Amino acid sequence: MPTRDHGRHPSPRDGALSPGAALLAVGGALALSGLISRRYSPDPSHPEIRRWYRSLDVPSWKPPDPVFAGGWPVLLGLMSGGAYRLMRHPRSPERDQALALWALTLGLVTAYNKVFFGERSLTGATVEGALVPAAGAAYVARAAAVDGLAAAGGVPLTLWSVFGSALSETLRRRNPDLDGRDPPGRHRGPPLGDPA
């Protein structure tokens, strides 16, 4: 597997980012993802989202919510650590494609929260969620041509996303009456007469 020549330091002239610039790029992307995802979190600060989420008929094999809440930052952190390593390599088609696939995967994971929790679209989340393992697997394949550790960082997220896709499909099948809808007796948006 190709690796950087450790006898030389990467240079901005060959497209490699400095440690600070790479850290800023990765950290900024993760912070933006976290801020967007937080907007659609099913926690007490979003009671309508929380009520809808708690009304879903879930399978017995669904992990507890803290597993998801704690697991995704770790998985995204591992993959993003790989992106940091790639940014420190000289520019190449493989490196640039792997970084684009990292950004795509991060974007898909972030968008899933809007589709699933924000739109309450189980069908949309199932379709969108199926793209995450595909993008993750493509990242792993492209990154492996540049840096084996960077590629390995994407494997856990890719495997977990396969499980997540199966869970999304199960939720879609078990909850057709809540696909894109709030629980009966509730409406979306502010109460009548309140400003939007």
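K114 is partly exposed, with a relative accessible area of 32%. The residue sits in helix α4. The model is a predicted one. Leaving aside neighbours within four places in sequence, K114 is in contact with Y40 and E119. Its C-alpha atom is separated by 9.1 Å from that of S41, a residue 73 places away along the chain.

**Overall make-up**

The chain has 196 residues, of which 40% count as buried. Its secondary structure comes to 7 helices and 0 strands. Take the contacts between residues at least 6 apart in sequence: 77% of them join residues at least 24 apart.

**Helix α2**

Helix α2 covers residues 47-55. Which of its residues are buried? They are I49, W52 and Y53. Seen down the axis of α2, these buried residues fall within an arc of 95 degrees, so they line one face of the helix. An α-helix has 3.6 residues a turn, so residues three or four places apart point the same way. On the other side of α2, P47 and R54 are exposed. What covers the buried residues of α2? The cover includes α3 (65-87), α4 (93-118) and α5 (122-144).

Two packed helices are described by the angle between their axes and the distance between the axes.

| Pair | Angle between axes | Axis distance | Handedness |
|---|---|---|---|
| α4 and α5 | about 160 degrees | 8 Å | left-handed |
| α5 and α7 | roughly 165 degrees | within 8 Å | left-handed |
| α3 and α5 | roughly 35 degrees | within 12 Å | left-handed |

Start with α4 and α5. They pack at an angle of about 160 degrees, with their axes 8 Å apart. That makes α4 roughly antiparallel to α5. By class, the contact of α4 with α5 has 18 nonpolar, 5 polar and 3 charged residues.

Next come α5 and α7, the latter spanning residues 155-174. Their axes come within 8 Å and cross at roughly 165 degrees. So α5 is roughly antiparallel to α7. The contact of α5 with α7 has 11 nonpolar, 8 polar and 2 charged residues. On the α5 side, L122, T123, A125, T126, G129, A130, V132, P133, G136, A137 and V140 take part. From α7 come V155, L157, T158, S161, V162, S165, S168, E169, L171 and R172.

Then α3 and α5. Their axes come within 12 Å and cross at roughly 35 degrees. The contact is made by M79, G82, A83 and L86 of α3 and by G136, Y139 and A143 of α5. By class, it has 5 nonpolar, 2 polar and no charged residues. G136 is listed in the contact of α5 with α3, and G136 is also listed in the contact of α5 with α7.

**The loop between α4 and α5**

Which residue in this loop has a positive phi although it is not a glycine? It is R120, with a phi of about 55 degrees. R120 lies in the loop between α4 and α5. Is R120 buried or exposed? At 7% relative accessibility, R120 counts as buried, because the cut-off for buried is under 20%.

**L86 in helix α3**

L86 is found in helix α3. Its relative accessible area is 0%, so L86 is buried. Which residues does L86 touch, not counting those up to four places away in sequence? They are R95, A98, L99, Y139, A143, V146, D147 and A150. Among them, Y139 and A143 belong to the α5 side of the contact with α3. L86 and L17 are 69 residues apart in sequence. In space, the two are 9.1 Å apart, C-alpha to C-alpha.

How values were computed: Residues are numbered from 1 along each chain as its sequence is written. This is a predicted model: local features need pLDDT of at least 70, side-chain atom pairs count only at pLDDT 80 or more; totals for chains, interfaces and linings use all residues. Side-chain values use heavy atoms; hydrogens and water are left out. Buried means under 20% relative accessible area, exposed over 50%, partly exposed in between (1.4 Å probe, protein chains only). Helices (H or I, at least four residues) and strands (E, at least two) are DSSP runs, numbered from the N terminus. The arc is that of the directions from the helix axis to the C-beta atoms. Contact means heavy atoms within 4.5 Å. Axes are lines fitted to C-alpha atoms, for helices over the stretch in contact, and angles run from 0 to 180 degrees between N-to-C directions. Angles under 35 degrees count as roughly parallel, over 145 as roughly antiparallel, 65 to 115 as roughly perpendicular and the rest as oblique. A crossing is left-handed if the near helix is turned anticlockwise from the far one by less than a right angle, and right-handed if clockwise. Ala, Val, Leu, Ile, Met, Phe, Trp, Tyr, Cys and Pro count as nonpolar, Asp, Glu, Lys and Arg as charged, and the others, Gly among them, as polar.
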